[in-house]
Amino acid sequence: MYNRQEEKPTFQTMRQRMLPQPLFYAEYQSYRLVENYLHYWIDRPLFHDSSLREGKSYRDSFLRNVEIVGKYEIDGFVMLSNPSQHINLYKEQLQSLDEVKPYSGFSYMCGAGYAGKPSQQWLDLYQKNYEIAVASPYTLRVNGKIPIWAYHSASAGTELLRELAKSLHEKTSVEPIIFSEPADLRFRQLYDKNGALTTEEMGQLRELLAVTMDSCGGLMVSPTQESRISGDYTSVPISAYYRDCIVPLVLELTALPQYKDKLIGAYIRKGYVNHLSGNNSGEYGTVAFRLAMDSLLLLNPDVIVFFEWNEANENTHFQPTVNNGLTMQRLIRFYARKMRGQPTAPADGDDLSVPNLVFCSRQVLRLGDTLRYELLNIPDSDTDNSEYRVQLTVRDYDGNALKVFPEETFKLSEMKAVNYEIPTEQLAAYFLLLPELRVVNTAGQERVFAMQYNRIHPSVCWNYKEIMQPLRDVLPLTATFEVKKGDAPGTYHINASAESPSEELMQLEVLDSESEVYAVDRENKYDPEKNIIIEGSFTAFSPSTQKMIFEVRNAPGWQWFRECHRYRSEAPDPPIVDNQVTVQYYYINYYYRYPFFITIPKDVAADAVLDIDASGLGKHSFNVGKLLELGKMAKVFDDTSRLDLAIAKNLVDIPAPLRQKQASISTVLETGSQFPIYQLRAISTSGRIYRSRPIMPVRPTGKLVSHSVFSAPKRQAVTVEVAEDRIPELVYLFDGARGAMLKNNWEPFFDGQLGGGFIYLEPFNRPRPALLDHPERESLAPAWGTADGAAVLAFDGKTNYINLPRESLPYGSFTLEFEIKPEGDDEQVLFRTCGSHRGSLNLYRRQGKLEGTFTYRVDGINNQNAIEKFQTDLELPDGKWSKVSVSYDLKTMKFSVDSASREYPFSERGVFFKPAVFGGHAWPVYEVGKDTRFFKGLLRSLRIRHAATVE
């Protein structure tokens with residue numbers, strides 16, 4: 001079974017534009033092409049260039065982006081530049097355009113973010129930002145006026161906008177055109193709830209739009225919004241409110257004399273895929289973007305802003321990335337020409353024997369999700385109606401055809417998308433799917449394209465990013481790729497070669513389960529064949545700057561590298577002097593990891609000792625041989641700081657571009673994956689990408705077991721059969737040898753931290769300092785000890801906890817088990833699934849009894865989530881060991897303490913996938929209660945199985 005949908009845009013316009021030509025801008029963020037994006041974010045810039053670090057990296061990265069955006073055939077960039085962290089960057093970028101002239105027609109539109117209650121500092125920065133724009137010849141001007149694009153302007157209020165426009169004009173003699181969005185959230189929610197607005201509500205919305213236009217020179221609209229109205233986890237793009245309410249009212253108002261000269265601007269999004277927040281607005285191939293563009297055409301706006309150019313965290317970016325390829329460049333170029341009345345044409349360098357077809361699908365899915373494929377033809381011509389044919393076949397890992405879809409026909413001059421949807425519960429037996437396209441071009445020539453694989457996991461998916469692959473940007477490559485088991489467990493010999501017939505390669509990489517693990521490095525910076533690589537990172541609840549001294553004893557030839565990531569990337573690594581590396585100002589962050597890397601020759605690593613002397617944290621030593629044996633070690637330095645050390649098994653940095661046509665790989669890689677998936681990937685200087693067929697050296701062989709998953713199409717739990725050894729079972733090892741961490745026996749990703757959880761959107765990242773507001777706070781890490789003949793963790797009831805990574809407790813069915821000996825009679829947190837907002841399961845001990853809550857999703861736009869409470873009355877006595885178990889099969893929630901149990905009919909899904917924390921936190925919000933404290937007592941076992949054991 002599958003579902004087929006076909007889409008063809010109408011390109012209908014209903015408004016005469018004020019400007020003779022529409023203006024197109026991409027909203028620029030502070031991410032740069034020199035940053036190390038590996039293993040923190042899920043995508044990276046296609047034209048990343050580490051060699052730019054050697055000079056003025058920030059300036060050169062920006063200028064490279066200007067060069068790239070010129071190929072989109074749009075007008076330039078806009079930055080929300082009035083915040084203190086952006087205003088100097090904005091000024092420097094404008095100055096750099098004086099040094100290196102941009103492409104003809106480039107301009108930089110002034111932009112600003114708004115605050116609900118602006119301070120004098122905010123007002124001063126806003127004024128300074130505008131003065132910088134006035135002084136630059138590259139600033140966009142419309143009839144001598146300077147437009148100011150806006151973000152969150154609805155929060156500022158119409159009166160403030162009116163006052164700002166007057167003040168800026170008076171102080172600079174240059175009139176601004178301030179864009180503003182209407183504060184219409186209430187109306188969007190009413191429309192979502194009732195399916196329409198009443199006559200009275202439409203009148204109120206009309207008045208709101210009129211007042212907004214009275215206060216500004218340009219009205220901002222957003223043609224789409226996101227709603228959780230389907231069974232899919234991600235919210236889906238919709239445009240009904242805009243089409244039914246905003247469009248007719250704006251048309252009515254702009255027909256009036258007082259509003260006819262107002263500019264209309266539109267924000268365009270292509271999806272929000274944040275693997276850390278658990279809150280995703282799906283791309284659905286290119287649907288989100290195309291729906292926005294087709295909808296905005298109704299109002300034929302004067303200014304269009306693509307939101308955003310280079311937002312690596314949220315994956316909203318339109319910049320070319322490894323996952324997106326040049327898809328957005330091709331689409332934006334088409335729409336820009338369409339709206340300007342220019343003829344449609346292929347891009348420079350295109351092979352016209354290959355159709356301008358884009359193939360999209362997610363590379364990772366959770367069992368129960370809907371597998372979706374999109375075939376999109378982007379027109380090459382306005383008049384050529386020649387046809388080509390495409391047929392999609394989905395194969396299993398062994399090459400057997402699982403589904404052969406009907407042949408589709410596309411015209412070169414017609415934009416058309418064909419979407420296929422398949423419920424993944426029909427594919428429960430398959431770990432990997434291999435889609436391929438058979439293409440017969442207009443001349444009758446046939447060619448088969450092997451597309452990126454789909455990986456189906458039985459319980460985990462936090463990466464909802466799509467792979468968008470234009471067929472014209474598939475890199476032709478002569479390649480070999482071989483994987484053989486190594487001598488040691490978990491090791492594999494990798495041999496590969498690649499030769500590009502037409503253009504130079506930037507990168508040649510090996511991936512394991514979509515993560516970069518090796519790359520050819522012409523500089524051989526880290527020399528992984530001869531060295532071990534230690535990756536270390538400091539994190540802290542309270543950030544600080546320390547003088548750090550690193551030394552590796554008994555290891556001649558060791559080296560120290562900074563991470564070249566986000567902060568002063570052009571600064572050289574400090575030298576080794578008297579066998580020491582001194583970093584005068586080492587910033588320990590609470591928001592992002594800032595790792596360092598140390599290489600040690602393999603032949604001396606076993607006897608090496610790493611010393612780290614931090615001015616405010618003391619001197620600490622680590623036996624490198626022990627680290628090699630254990631893989632990871634961690635230490636808590638004071639009440640809020642920690643250090644994590646690991647032997648790196650992944651690629652630690654993106655090498656400088658190869659700039660050669662041939663490259664080869666011969667290495668041995670070690671993996672922590674239960675079922676590694678190796679793949680060879682090459683990226684050329686033009687941005688074309690080659691992806692090899694994946695190789696699975698180990699495949700699941702377990703017996704088939706029943707597994708409960710949520711079916712997105714059916715919107716209910718269904719039972720499927722999967723190989724038992726595919727289901728993660730995280731058994732945490734109680735052994736203090738690794739220090740402030742808790743290793744699990746499944747995969748290293750799920751290892752826990754004793755303390756920690758400080759970085760972006762983890763449980764102890766925010767709000768600060770309320771999370772650790774305890775007057776007697778000591779260490780955040782519970783202490784290792786022994787009790788009743790077993791290793792235990794002792795929690796002091798103040799601020800001890802264990803931080804567990806996202807989806808340790810899965811989004812679907814699960815079984816959570818632990819053994820505790822509580823101390824005291826106060827209310828205590830046992831387990832929470834949460835970050836900055838809630839996830840799903842929470843467990844408490846109240847009045848000596850087990851209590852649970854579960855936060856679940858409510859469909860709709862901006863709806864509040866709901867909480868189900870389970871007051872089990874199961875005894876958790878003081879001073880006695882109790883085995884606690886919670887199991888959920890998406891139909892029944894079962895709580896057990898020792899031999900007693902309670903069952904509750906329940907069939908809701910968690911609101912977000914999230915990290916988890918054992919023992920805290922007790923921030924008094926939501927269902928926690930103001931008297932709840934961190935757990936106090938002993939823990940001697942912890943196990944999480946990604947399946948239910950409800951009987």
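1. The axes of helix 1 (residues 57-70) and helix 2 (residues 84-99) approach within 10 Å and cross at roughly 70 degrees. Helices here are DSSP runs of H or I with at least four residues, strands are runs of E with at least two, and both are numbered from the N terminus. Axes are lines fitted to C-alpha atoms, for helices over the stretch in contact, with angles from 0 to 180 degrees between N-to-C directions. Helix 1 and helix 2 are therefore roughly perpendicular to each other; angles under 35 degrees count as roughly parallel, over 145 as roughly antiparallel, 65 to 115 as roughly perpendicular and the rest as oblique. Arg59, Phe62, Leu63 and Val66 of helix 1 meet Gln93, Ser96, Leu97 and Glu99 of helix 2, contact meaning heavy atoms within 4.5 Å. By class, the residues of this contact are 4 nonpolar, 2 polar and 2 charged.

2. On the basis of the model: this is a predicted model, in which local features need pLDDT of at least 70 and side-chain atom pairs count only at pLDDT 80 or more, while totals for chains, interfaces and linings use all residues. Residues are numbered from 1 along each chain as its sequence is written, and side-chain values use heavy atoms, with hydrogens and water left out.

3. Helix 3 (residues 120-135) and helix 4 (residues 158-172) have axes that come within 11 Å and cross at roughly 50 degrees. That angle makes helix 3 oblique to helix 4. Helix 3 passes helix 4 in a right-handed crossing; a crossing is right-handed if the near helix is turned clockwise from the far one by less than a right angle, and left-handed if anticlockwise. On the helix 3 side, Trp122, Leu123, Tyr126, Gln127, Tyr130, Glu131 and Val134 meet Leu160, Leu164, Ser167, Leu168, Lys171 and Thr172 of helix 4. The contact of helix 3 with helix 4 comprises 8 nonpolar, 3 polar and 2 charged residues. In this classification Ala, Val, Leu, Ile, Met, Phe, Trp, Tyr, Cys and Pro are nonpolar, Asp, Glu, Lys and Arg are charged, and the others, Gly among them, are polar.

4. Helix 5 (residues 185-194) packs against helix 6 (residues 199-215) at an angle of about 155 degrees, with the axes 10 Å apart. Arg186, Phe187 and Leu190 of helix 5 form the contact with Glu201, Gln204, Leu205 and Leu208 of helix 6. The contact of helix 5 with helix 6 has 4 nonpolar, 1 polar and 2 charged residues.

5. The largest nonpolar core holds 112 residues, of which Phe77, Tyr108, Tyr114, Ile268, Phe289 and Phe306 touch the most other members. Helix 7 (residues 240-254) gives the most to this core, with 8 residues. A nonpolar core is a set of buried Ala, Val, Leu, Ile, Met, Phe, Trp, Tyr and Cys residues joined through side-chain atoms within 4.5 Å. Not counting residues up to four places away in sequence, Phe306 touches Phe24, Tyr25, Ala26, Glu27, Ile74, Ile268, Phe289, Met293, Phe318 and Ile332.

6. A cis bond joins Arg766 and Pro767, with omega about 0 degrees; Pro767 lies in the loop between strand 44 (752-754) and strand 45 (783-787). The bond from Gly920 to His921 is also cis, with omega near 5 degrees, and His921 is placed in the loop between strand 56 (916-918) and strand 57 (936-945). Most residues other than glycine have a negative phi, and most peptide bonds are trans.

7. Glu514, a residue other than glycine, has a positive phi near 70 degrees. Glu514 belongs to the loop between strand 25 (505-512) and strand 26 (515-519) and is buried, with a relative accessible area of 16%. Buried means under 20% relative accessible area, exposed over 50% and partly exposed in between (1.4 Å probe, protein chains only). Asp578 likewise has a positive phi, of about 55 degrees, in the loop between strand 30 (576-577) and strand 31 (580-588), but Asp578 is exposed at 72% relative accessible area.

8. Ser413, in the loop between strand 17 (408-411) and strand 18 (416-423), counts as buried at 19% relative accessibility. Leaving aside neighbours within four places in sequence, Ser413 is in contact with Pro379, Ser381, Asp382, Thr383, Asp384 and Asn385.
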